[in-house]
Amino acid sequence: MSDYESGSPRQRADDTSGIRAKTSPQPDVTVIVPVTERPVSLAELYEEYSEALKSSGRTFEYIFVVEPWHQGSVAVLRDLVERGEPIRVVEAGHMIGESAMLKLAAGNARGRTLVVLPAYHRVVATAIPDAVAAVEQGADLANCRRWPRHDSWLNRVQTRILHSAVTGLPRRTVRDVGSGVRAMRPEVLRDIPLYGDFFRFLPVLALRDGYSVVEIDAAQHPRDTALRVYPPGVYMRRAIDVFGLFFLSRFTYKPLRFFGLIGSLLSGVGALILIVMFIQRLGGQGLADRPLLLLGVLIFTLGVQAIALGLIGEIIVHFNAQGHRSYRLASERGRPESVGDAAGGDGNEGHPSRVTPQGRVP
Amino acid sequence: MNEPAPHLSIVVPVYNESANIRSLVGAVRDAIPGSDWELVIVDDGSEDATRARIKQAAEVDGRVRLIALARNFGQTAAMQAGFDFARGEVVVSMDGDLQNDPVDIPRLLAKLDDGFDLVVGYRVARQDRLITRKVPSWIANRIIARLTGVQIRDNGCSLKAYRRSILGRFVLYSDMHRFIPAMAVAVAGARVAEIPVRHHPRRAGKSKYGLSRIWKVLSDLMAIKMISSFRSRPLVMFGLGALVSAAIGLGFTLLTLLSVPGGFRSDMAYAYVFPSIVIVWFTSAFYLLLLGLIGEVAVRNETISGRTVFSVAGEST
């Protein structure tokens with residue numbers, strides 16, 4: 001139990017794979033499979049998708065990330081590992097959520113290109129080499145768009161709605177964030193802050209940070225066509241995610257612009273009501289029996305409270321900002337594009353929050 | 001590669017200024033004597049040929065450097081990027097559209113040597129539209145001076161000279177480039193001076209700002225006031241707000257007592273309007289007080305984690 005309590009992810013050193021991983025040369029591709037919902041036969045999944053990679057002539061490794069919940073489903077992988085297939089299983093000590101699972105796998109991945117593959121069938125296997133090729137040709141992230149689609153119109157409507165909500169926000173668009181099949185440079189997954197359910201929006205987050213994102217058409221897998229209707233709570237959570245994404249992408253560094261706008265509108269309306277009533281009072285009309293006065297006061301104070309909350313946000317951002325950088329340097333195929341010696345080689349091409357040029361700011 | 005760092009770095013954030021790069025480099029080269037300087041041009045994700053033009057200039061002249069950002073992050077972030085990669089002991093920031101004249105740079109540096117940490121230019125004979133540019137900027141400067149207590153005539157002028165030591169003490173984020181003097185004084189305790197500088201009308205390219213920024217500036221102003229006055233003790237400000245709310249609540253309590261001398265009757269509207277208002281104000285006071293406490297926690301955490309809320313004005317050796 002101590003492993004669970006410490007909360008540290010433990011990695012099962014499957015003898016064969018562990019040693020292979022250390023001694024074999026760097027593979028071209030690391031396929032990361034977070035094992036969560038809708039478990040299918042992982043062995044089947046592995047065979048189908050790795051076949052396509054093999055025939056494309058690339059070397060690869062697979063990392064399956066599991067939470068304690070789904071441990072049963074990885075038992076089937078043991079046979080494959082014993083047969084010498086390049087599989088590693090990374091086990092989280094407790095339930096950590098899919099974003100953290102991806103981060104955990106990214107820390108263990110050795111491939112030149114990472115592929116994130118859901119633990120169920122989304123697109124046909126031949127799409128994987130295509131996506132990898134897109135990254136090898138210079139894109140930072142290649143998102144598989146399920147196209148043409150063969151599933152129920154209801155599924156498609158859901159995709160469409162999620163889409164217009166998500167991509168209506170940042171200016172450039174990704175046409176299928178829901179496919180979940182993506183190939184990318186390792187630094188994209190390592191550097192973009194991911195938590196909660198934001199892994200879904202990885203292509204959108206990558207666009208926001210200035211990575212180059214391409215989308216490739218991938219035929220939908222025949223087994224992805226089942227009608228999916230979720231309980232209302234799931235849609236609710238999705239809606240909250242989208243709102244969170246909207247807020248964070250616009251106001252992370254300026255909370256007062258958001259809270260201040262709401263607050264000024266509210267307190268403005270409240271003030272208007274109060275002023276009108278004050279003038280009426282001067283004209284001799286009584287106040288104490290008019291509930292409108294209560295509404296005016298309520299709206300006004302609500303507005304003040306919203307502004308106050310925004311100010312607290314500003315203080316927090318102000319202190320946080322001292323160690324962060326809100327920009328990211330451009331890079332071409334992983335190399336910085338800047339010219340001039342200091343900008344060239346000291347590894348500053350990472351995410352803004354990691355940039356500490358010349359060690360001046362901790 | 002390992003040549004010694006130059007004494008002076010000129011930082012210029014640019015966005016879609018391909019038409020101006022060549023004349024910018026030329027103007028700087030003509031204006032600054034000697035070769036103990038570098039020109040750090042930060043390309044803020046331009047969509048035109050700006051980046052290629054800067055690369056060309058950098059190939060021809062080793063003193064020109066390009067810092068390329070991954071996308072358009074805004075002027076503040078671009079400027080911070082330039083500061084981060086500038087190597088000089090003295091850093092000068094400037095607009096990329098040649099509205100500032102590099103000829104003024106030596107005068108800024110001379111003023112800096114008089115014992116200041118930050119020298120800010122103010123534009124004389126400004127070549128801009130009156131209604132959309134000059135008037136809003138005049139009002140904004142007045143408000144900024146009033147709120148922050150830092151008397152700067154022209155916050156919108158990018159031409160400024162900084163000591164490296166002062167740049168290391170604060171980080172620009174959001175749209176804070178408009179409030180650099182106020183930030184520098186409030187956060188880093190900078191000694192600030194002002195000198196008049198030339199202003200030219202835009203020669204090429206388009207202006208990237210319009211009237212839409214008024215709301216942004218206003219909300220940033222509130223934020224800067226918060227940070228400059230209460231960053232070390234947010235509870236003071238919120239406590240003040242709570243006191244005012246509570247006072248109004250008390251006022252309504254009195255009104256309630258006065259307006260119902262004969263006692264409450266449940267069929268009369270004023271039996272609930274005034275008492276409810278009393279509750280609203282007291283709730284608001286309570287809320288603000290709690291918010292102030294959260295603010296204290298935020299500040300305290302940062303102080304504990306090693307970042308300083310104050311800075312040392314100078315150390316004698």
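Biologist: Does B:Asn16 count as buried, partly exposed or exposed, and at what relative accessibility?

Modeller: Buried means under 20% relative accessible area, exposed over 50%, and partly exposed in between, with a 1.4 Å probe and protein chains only. At 24% relative accessibility, B:Asn16 counts as partly exposed. Its place is the loop between strand 1 (8-14) and helix 1 (21-31) of chain B, where helices (H or I, at least four residues) and strands (E, at least two) are DSSP runs, numbered from the N terminus. The phi of B:Asn16 is near 50°, a positive value in a residue other than glycine.

This is a predicted model, in which local features need pLDDT of at least 70 and side-chain atom pairs count only at pLDDT 80 or more, whereas totals for chains, interfaces and linings use all residues. Residues are numbered from 1 along each chain as its sequence is written, chains are lettered from A and ligands numbered from 1 in the order in which they are written, and side-chain values use heavy atoms, with hydrogens and water left out.

Biologist: Where is B:Ser174 placed, and is B:Ser174 buried or exposed?

Modeller: B:Ser174 lies in the loop between helix 6 (164-167) and helix 7 (180-188) of chain B, and with a relative accessible area of 11% B:Ser174 is buried. B:Ser174 also has a positive phi, of about 50°, although it is not a glycine.

Biologist: Which residues does A:Gly111 touch, leaving out those up to four places away in sequence?

Modeller: Contact means heavy atoms within 4.5 Å, and on that basis A:Gly111 touches A:Gln26, A:Pro27, A:Asp28, A:Val29, A:Thr30, A:Glu61 and A:Pro186. A:Gly111 sits in the loop between helix 6 (98-108) and strand 5 (113-116) of chain A, and at 4% relative accessibility A:Gly111 counts as buried.

Biologist: How should I read the sheet of chain B, and what is the order of its strands?

Modeller: Strands of a sheet pair through backbone hydrogen bonds, either parallel or antiparallel. Here two strands pair if DSSP finds at least two bridges between them. In chain B, seven strands form an open sheet in the order 3-2-1-4-6-5-7, with mixed pairing. Strand 3 (64-68) and strand 7 (192-197) of chain B stand at the edges, each with a single partner strand, so one side of each is left without a neighbour in the sheet. From one strand to the next the twist averages 20°, where axes are lines fitted to C-alpha atoms, for helices over the stretch in contact, and angles run from 0 to 180 degrees between N-to-C directions.

Strand 5 (residues 118-123) and strand 7 of chain B pair in the parallel sense over six bridges, and the bridge partner of B:Leu118 in strand 7 of chain B is B:Val192.

Biologist: How much area do chain B and chain A bury between them?

Modeller: The size of an interface is often given as the accessible area lost when the parts come together. Buried area is the accessible area (1.4 Å probe) that two parts lose on being put together, summed over both. Chain B and chain A bury about 5,400 Å² between them, 67% of it on carbon and sulfur atoms. B:Asp84, B:Phe85 and B:Tyr173 supply 12% of the area that chain B buries against chain A, more than any other three residues. The contact takes 67 residues from chain B and 56 residues from chain A.

Biologist: How many salt bridges does the rule find across this interface?

Modeller: A salt bridge is a side-chain nitrogen of Lys or Arg within 4 Å of a carboxyl oxygen of Asp or Glu, and across the interface of chain B and chain A the rule finds three. A:Arg257 forms a salt bridge with B:Asp175, with the closest N and O atoms 2.8 Å apart. Helix 10 (273-304) of chain B gives the most to the side of chain B that touches chain A, with 15 residues.
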